[in-house]
Amino acid sequence: EEIKALRIENQLTQDELGELIGVQRAQISKIENGKTNITIGTLLKVFDALKARINFSIERELQT
């Protein structure tokens with residue numbers, strides 16, 4: 001949902017976003033609708049193209 005909202009805010013079509021990151025429009029549609037698994041690399045390309053940042057945090061369980 002967030003990717004679609006950002007794409008629309010940036011006035012990009014699915015085709016245009018796909019061209020920016022090197023995937024087909026159908027792949028963008030699948031990503032926006034949660035119908036596919038996405039690699040971290042592709043996810044970073046998407047947010048870079050949409051001029052947005054993504055932050056990951058890693059939490060470790062304490063060993064006892």
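Me: I start at the loop between α1 and α2. Which residue lies there?

Reply: Gln-11 lies in that loop, between α1 and α2. One caution first: this is a predicted model.

Me: What is phi of Gln-11?

Reply: The general idea comes first. Most residues other than glycine have a negative phi. Now the case here. Gln-11 has a positive phi, near 55°.

Me: Is Gln-11 buried or exposed?

Reply: Gln-11 is exposed, because its relative accessible area is 72% and the cut-off for exposed is over 50%.

Me: Which residue just after α4 takes a positive phi?

Reply: Lys-51 does, with a phi of about 55°. Lys-51 is not a glycine. Its place is in the segment after α4. Lys-51 is exposed too, with a relative accessible area of 72%.

Me: And which residue follows α3?

Reply: Gly-34 follows α3. Its phi is positive as well, near 65°.

Me: Which residues of α3 are buried?

Reply: Ile-28, Ser-29, Ile-31 and Glu-32. Viewed down the axis of α3, these buried residues fall within an arc of 160°, so they line one face of the helix.

Me: What do the buried residues of α3 pack against?

Reply: They pack against α1, α2 and α4.

Me: Take α4 next. Which of its residues are buried?

Reply: Leu-43, Val-46, Phe-47 and Ala-49 are the buried residues of α4. Their arc around the axis is only 160°, which puts them on the same side of α4. The cover over the buried residues of α4 includes α1 and α2.

Me: What is exposed on the other side of α4?

Reply: Ile-40 and Asp-48 are exposed there.

Me: Which residues make up the largest nonpolar core?

Reply: A core is read as a joined set of buried nonpolar residues. Here the largest one has 12 residues in all. Its members include Ile-3, Leu-6, Leu-12, Leu-17, Ile-21 and Ile-28. Ile-31, Leu-43, Val-46, Phe-47, Ala-49 and Leu-50 are also in this core. The elements that give two or more residues to it are α1 (2-9), α2 (14-21), α3 (25-32) and α4. The largest share, four residues, comes from α4.

Me: What does Leu-6 touch?

Reply: Set aside its neighbours within four places in sequence. Leu-6 is then in contact with Phe-47, Leu-50 and Ala-52.

Me: How many salt bridges does the structure hold?

Reply: One. Arg-7 pairs with Glu-32, and the closest N and O atoms are 2.5 Å apart. Arg-7 lies in helix α1 and Glu-32 in helix α3, so the pair ties together parts that are 25 residues apart in sequence.

Me: Which residues does Arg-7 touch?

Reply: Not counting residues up to four places away in sequence, Arg-7 touches Leu-12, Thr-13, Gln-14, Leu-17, Glu-32 and Leu-50.

Me: Where does Lys-4 lie, and how accessible is Lys-4?

Reply: Lys-4 lies in helix α1. At 40% relative accessibility, Lys-4 counts as partly exposed.

Me: Last feature: the surface. Which residues make a nonpolar patch?

Reply: Ile-40, Leu-44 and Phe-56 make a nonpolar surface patch of about 320 Å². Phe-56 sits in the segment after α4 (40-49). Phe-56 is exposed, with a relative accessible area of 53%.

Definitions and conventions. Residues are numbered from 1 along each chain as its sequence is written. This is a predicted model: local features need pLDDT of at least 70, side-chain atom pairs count only at pLDDT 80 or more; totals for chains, interfaces and linings use all residues. Side-chain values use heavy atoms; hydrogens and water are left out. Patches are made of residues with over 30% relative accessible area and no salt bridge: like charges are joined within 9 Å, nonpolar side chains (Val, Leu, Ile, Met, Phe, Trp, Tyr) within 5 Å. Accessible areas come from the Shrake-Rupley method with a 1.4 Å probe; for residues, only the protein chains shown count as cover. A salt bridge is a side-chain nitrogen of Lys or Arg within 4 Å of a carboxyl oxygen of Asp or Glu. Buried means under 20% relative accessible area, exposed over 50%, partly exposed in between (1.4 Å probe, protein chains only). A nonpolar core is a set of buried Ala, Val, Leu, Ile, Met, Phe, Trp, Tyr and Cys residues joined through side-chain atoms within 4.5 Å. Contact means heavy atoms within 4.5 Å. The arc is that of the directions from the helix axis to the C-beta atoms.
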